[in-house]
Amino acid sequence: YKGLNDATRGGLPMGRYVIIAGSSSCGKTTHINTMIKFWMKYPDVKVGVLSLELTKGQYFIEMLSREIGVKIDDITDNETRHNYLNREDVIDVGNKLFYNDDGTHTLFVVDDRDSKISTIQALMEDLVIKQGCNLIVADPISDLMQQLDNQQQVVLNSWIKSFIKKHNILLVGISHVKKGDKKYDEGDIPNEGDLIGSYANASSAAAIFFCSRNKMTDNMMVKNTTLWTSPKVRWTGRTGTLDKTLYVPESHSLVNLDDYLSGGGVGQQLGANESLDSDRITSENEPDF
């Protein structure tokens, strides 16, 4: 993400609370999973995910799909999916993705359907204290905020800031936005007032990134392009339009739009999948470019 890297001076620093937000199905999960896959490769970063939507098993399938460039959930036949997951090359990629050379895990995922605040706090503390995670992704943190009144949200955000400061971790909260009058399906851009919850959520974050996408257009290039904007990045002061990323269905990958249009950067993305013969499994639902 060239524009996001420039806006953040090379990435998201420890000791910060960052919100990534957008409307339903705008591509938040696709982008955050790509970020997680990138973070997992750093030996000094241990990633923990608090998943409030996907089960633990579903999350690992999502991450494996991202790594091999094949959307496994689009393989509708159960036997074909089972055989694909048991291929030696797929298993090898999974082992390299989820395990370090010394056998330790690169990713910890906890799922929760109760969503009680006390339970969530305990799970996050477990990820940091017991598992040693220093980068936590709460997906979606807006599910927590929806069940609290304004004062309770203030209390929770105070705990979040104290928790981050105490352990010097990076917390990335994924958030939905309020429906309101905006036409998000057609690419309208959210702002801080559109975040689910009180103003305490927006003011607590060191940075907020919004992603928006026109899902209704017939132009496949436009439909698969996500616009990134930000109202604040405290440590750099950058605001406004930051980046445009393109989802490439054939490789289930994301590339910078400018790189794609100039013909650069795509080969590197696709090259890692050549040995997997990724075109063996295709989805009839994926659009053609």
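## Close-up views of a predicted model

**View 1. Phe163 in its aromatic pair.** Phe163 is buried, because its relative accessible area is 4% and the cut-off for buried is under 20%. This view, like the others, comes from a predicted model. The structure holds 3 aromatic pairs. In one of them, Trp159 and Phe163 are stacked. Their rings lie 4.8 Å apart, centre to centre, with 10 degrees between the planes. Why are Trp159 and Phe163 separated by about one helical turn? They are 4 residues apart in helix H8.

**View 2. Phe38 and Tyr42, an edge-to-face pair.** Phe38 and Tyr42 also form an aromatic pair. Here the ring centres are 5.3 Å apart, and the planes make 65 degrees.

**View 3. The open sheet.** The sheet is built from 9 strands, and the pairing is mixed. The order is S3-S2-S4-S5-S1-S6-S7-S8-S9. Which are the edge strands? They are S3 and S9 (253-256), and each pairs on one side only. From one strand to the next, the twist averages 20 degrees.

**View 4. The S8 and S9 pairing.** Strands of a sheet pair through backbone hydrogen bonds, either parallel or antiparallel. Strand S8 (residues 240-248) and S9 pair in the antiparallel sense. Look for Leu246: its bridge partner in S9 is Val255.

**View 5. Two helices on the sheet.** Helix H2 (residues 28-39) packs on the sheet. Among the strands it touches are S1 (17-21), S6 (207-212) and S7 (225-233). The direction of H2 makes about 165 degrees with that of S4. Helix H6 packs on the sheet as well, touching S2, S3, S4 and S5. The direction of H6 makes about 165 degrees with that of S2.

**View 6. The two sides of helix H6.** H6 (residues 117-130) has 14 residues. From its first C-alpha to its last, H6 reaches 19 Å, close to the 20 Å expected. Which residues of H6 are buried? They are Ile117, Ile120, Gln121, Leu123, Met124, Leu127 and Val128. Seen down the axis of H6, these buried residues fall within an arc of 160 degrees, so they line one face of the helix. Ser118, Ile129 and Lys130, on the other side, are exposed. The buried residues pack against several elements, including helix H7 (142-145) and helix H8 (150-167). Just after H6, Gly132 takes a positive phi of about 80 degrees.

Note on methods
Residues numbered from 1 in each chain as written. Predicted model: local features only at pLDDT ≥ 70, side-chain atom pairs only at ≥ 80, totals over all residues. Heavy atoms only, no water. Expected span 1.5 Å × (residues − 1). Buried < 20%, exposed > 50% of the residue type's maximum accessible area, 1.4 Å probe, protein only. Arc of directions from axis to C-beta. Contact = heavy atoms within 4.5 Å. Phe/Tyr/Trp six-rings, centres within 6.5 Å; stacked < 30°, edge-to-face > 60°. Pairing = 2+ DSSP bridges. Axes fitted to C-alpha atoms, helices over the stretch in contact; angles between N-to-C directions.
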